[in-house]
Amino acid sequence: MSTEGDIVFPIIDIPSVGCVVHYVAYGTPGGEFPSGVCRAAVVTEMASDNEVGLCILNPTGLFFRQGAMRDPDKTPGSWHWPEWLEAS
């Protein structure tokens with residue numbers, strides 16, 4: 001569990017349908033969109049605890065991906081949990 005003041009947040013390690021995660025983009029061959037950029041994504045299906053289907057929210061539209069594997073090292077084509085930002 002994580003706490004912030006009087007609020008307690010559970011730490012979730014296994015995603016479920018509807019969870020927001022980060023998808024690591026492959027990029028485009030011409031470099032218009034660089035590889036390795038994190039995009040917001042919503043889990044649309046579960047294949048396993050680490051393999052999911054995603055709806056990726058790109059600035060120019062939606063992209064759907066099945067079989068995205070979890071990778072904390074952020075390999076293009078993978079997903080990971082969003083990083084926590086410290087309150088300033």
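Reply: The second largest pocket holds about 210 Å³ of space. This is a predicted model, in which local features need pLDDT of at least 70 and side-chain atom pairs count only at pLDDT 80 or more, while totals for chains, interfaces and linings use all residues. Residues are numbered from 1 along each chain as its sequence is written, and side-chain values use heavy atoms, with hydrogens and water left out.

A pocket here is an open set of points on a 1 Å grid over the protein atoms alone, where a 1.4 Å probe fits and protein lies on both sides within 12 Å along at least five of seven lines; lining residues have an atom within 4 Å of a point. Grid points are joined across faces, edges and corners, and the volume is the space filled by probe spheres set on the points. The lining has 14 residues, and Ala25, Gly27, Phe33, Arg39 and Asn58 are the closest to the pocket's centre. By type, the lining splits into 9 nonpolar, 4 polar and 1 charged (nonpolar: Ala, Val, Leu, Ile, Met, Phe, Trp, Tyr, Cys and Pro; charged: Asp, Glu, Lys and Arg; polar: the others, Gly among them).

Now for the core. The largest nonpolar core has 10 residues, including Cys19, Tyr23, Ala68 and Trp79 (a set of buried Ala, Val, Leu, Ile, Met, Phe, Trp, Tyr and Cys residues joined through side-chain atoms within 4.5 Å). Strands E3 (20-24), E4 (38-46) and E5 (51-58) each give at least two residues to this core (strands are DSSP runs of E, at least two residues, numbered from the N terminus). E5 provides the largest share, 3 residues. Ala68 touches Val52, Leu54 and Trp79, among others (contact means heavy atoms within 4.5 Å).

On to the rings: the whole structure has 2 aromatic pairs (Phe, Tyr or Trp rings, the six-membered one for Trp, with centres within 6.5 Å; planes under 30 degrees apart are stacked, over 60 edge-to-face, the rest tilted). Tyr23 and Phe63 have ring centres 6.4 Å apart and planes at 45 degrees, so this pair is tilted. Because Tyr23 lies in E3 and Phe63 in E6 (residues 61-69), the pair ties together parts 40 residues apart in sequence. Tyr23 is buried at 4% relative accessible area, whereas Phe63 is partly exposed at 39% (buried is under 20%, exposed over 50%, partly exposed in between, with a 1.4 Å probe and protein chains only). Trp79 and Trp81 form an edge-to-face pair, 5.6 Å centre to centre with 85 degrees between the planes. Trp79 is buried at 0%, and Trp81 is partly exposed at 22%.

Notes
Helices (H or I, at least four residues) and strands (E, at least two) are DSSP runs, numbered from the N terminus. Lists of a residue's contacts leave out its neighbours within four places in sequence.
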